[in-house]
Amino acid sequence: MKGDLFWLSMLLLLFHKVGSCPGKCLCHPHTKTVDCSRQGLREVPSELPPRTQVLHLQNNQIGELPTSAFSRTPLLRVLDLSNNSLSTLAPGAFLGLGHLQVLNLTQNSLQSLESKVFQSLPQLQELDLSFNNIRELPRFGGETLSRLTRLAIQRNQLQKLHRAHLEALPSLRALFFKDNLWKCNCHLFGLKLWMESFVYKGGVTDGVICSAPDIWKGKDLLKIPYELYSVCLPLLGNGGPVQAQLSGFAYQDFPPPRQPQEQVDKSHSDCELKPKTRPVNLRHAIATVVITGVICGIVCLMMLAAAIYGCTYAAIMAKGHGEPLSQVNGPRKPREAKGSADTSLA
Ligand SMILES: *[C@@H]1O[C@H](CO)[C@@H](O)[C@H](O)[C@H]1NC(C)=O
Ligand SMILES: *[C@@H]1O[C@H](CO)[C@@H](O)[C@H](O)[C@H]1NC(C)=O
């Protein structure tokens, strides 16, 4: 008991000496929480208690995070920067936050993300990037974000997403994608495949709702039939795995330097799902009709030949017995049938 009190007083001393509570914040030493929300702050307060684990900076006007902005609070577990004015994040902004588990960046003005920006966050489990203007999600390389279970990017401007970027996040369990500008052409085929296996394995998602092309507007990518993506397969089949081929889809916006012209054209024409399917189907249909017609014709001719042969044979037989033709074809047949039935019974 005495020991506990001693350490507690030491801790409080430390709080007051090393990092006192900034004027605009409320510090709760017991929960190691510092609340600086809704204070009109334009930057991160410089003097924060070093043992802070939960830091509320939401509803301010912070427009920039310098490199190592939080190096003085290395024990942070929760960092809420929602509803600020961040438009970019310096690659080293979160350096030193080896314990951070929740990072909330919703309702800012982020347009792009550096692939290394979250590299220093090995324990991150929840990342909220919703309500920004992000156009592209980078691939978070290496060991980064290997523990991320929940990723929210609703209400941004994503048009496409490479499946490899999601494959780099092995612990993902919940993924929120709604209200983006998803372009459901061949570029999203890889994402469709990935999402199917994600959902099959129990992953939770609010779906990829297409906003282009017009015929798929409002439709969930997972519900677009596979057949319509068959036009994407030649594009994928040109040697190399699916993802390598799909990585080429960046060329619509940023042509890479060494891409052969022929392939660029091909990807352009093959990437739209709607018009290409019809001529192929039509050709198939015509071919099927022609082949069916030919086969039917041959069968009909053979049947005709058999009928003529049969009639001729019957006529010859009838003449041989000196009976009129009508009697041969008429009442004789049933008797024969009956007779054979009798013998089989006996
Ligand atoms: C966002 O923060 C501003 C203050 O900077 C505040 O007036 C506004 O109500 C906040 N918005 C939300 C949705 O909390
Ligand atoms: C981020 O903050 C917003 C607004 O305060 C909240 O609705 C959301 O749940 C938070 N996200 C996470 C992952 O905590």
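This is a walk through the predicted model, stop by stop, with what to select and what you will find there.

Before you click, the ground rules: this is a predicted model in which local features need pLDDT of at least 70, side-chain atom pairs count only at pLDDT 80 or more, and totals for chains, interfaces and linings use all residues. Residues are numbered from 1 along each chain as its sequence is written, chains are lettered from A and ligands numbered from 1 in the order in which they are written, and side-chain values use heavy atoms, with hydrogens and water left out.

**Stop 1: the sheet**

Switch to cartoon view and look for an open sheet of nine strands, running E1-E2-E3-E4-E5-E6-E7-E8-E9 with mixed pairing. Strands here are DSSP runs of E, at least two residues long, and helices are runs of H or I, at least four, all numbered from the N terminus. Two strands pair if DSSP finds at least two bridges between them. Now select 26-28 (E1) and 204-205 (E9): these are the edge strands, each with a single partner, so one side of each has no neighbour in the sheet.

For a closer look at one pairing, pick residues 54-56 (E3) and 78-80 (E4), which run parallel over three bridges. Show Leu 55 and you can find its bridge partner in E4, Leu 79. Strands of a sheet pair through backbone hydrogen bonds, either parallel or antiparallel.

**Stop 2: ligand 1**

Select ligand 1 and everything with a heavy atom within 4 Å of it.

The side chain of Asn 83 puts an N or O atom 2.3 Å from a ligand 1 oxygen. Asn 59 has a polar side-chain atom 3.3 Å from an oxygen of ligand 1, and for Arg 38 the distance to a ligand oxygen is 3.5 Å. Taken alone, ligand 1 exposes 360 Å², of which the protein buries 48% (Shrake-Rupley areas with a 1.4 Å probe).

**Stop 3: ligand 2**

Which residues surround ligand 2? Ser 82, Asn 104, Thr 106, Glu 126 and Asp 128. That shell has no nonpolar, three polar and two charged residues. Zoom in on Asn 104, with a side-chain N or O atom 2.2 Å from a ligand 2 oxygen, then on Asp 128, where a polar side-chain atom sits 2.9 Å from a ligand nitrogen. Ligand 2 alone exposes 360 Å², and the protein buries 53% of that.

**Stop 4: a salt bridge**

With a side-chain nitrogen of Lys or Arg within 4 Å of a carboxyl oxygen of Asp or Glu as the rule, the count is five salt bridges. Select Glu 47 and Arg 72 for one of them, at 4.0 Å from N to O. Glu 47 is in the loop between E2 (33-35) and E3, and Arg 72 in the loop between E3 and E4, so the pair ties together parts 25 residues apart in sequence.

**Stop 5**

Most residues other than glycine have a negative phi, and most peptide bonds are trans. Lys 32, in the loop between E1 and E2, has a positive phi near 55°. Pro 213, in the loop between E9 and helix H4 (233-237), is joined to Ala 212 by a cis peptide bond, with omega about -10°.

**Last stop: residues 285-309**

An unreviewed UniProt entry lists 285-309 as "transmembrane region"; such annotations may be inferred rather than shown by experiment. In the model this stretch is 100% helix and 0% strand, with its end C-alpha atoms 36 Å apart.

Definitions and conventions:
Polar contact = N/O pair within 3.5 Å; in protein donor to acceptor, adjacent residues only side chain to side chain. Nonpolar A, V, L, I, M, F, W, Y, C, P; charged D, E, K, R; others polar.
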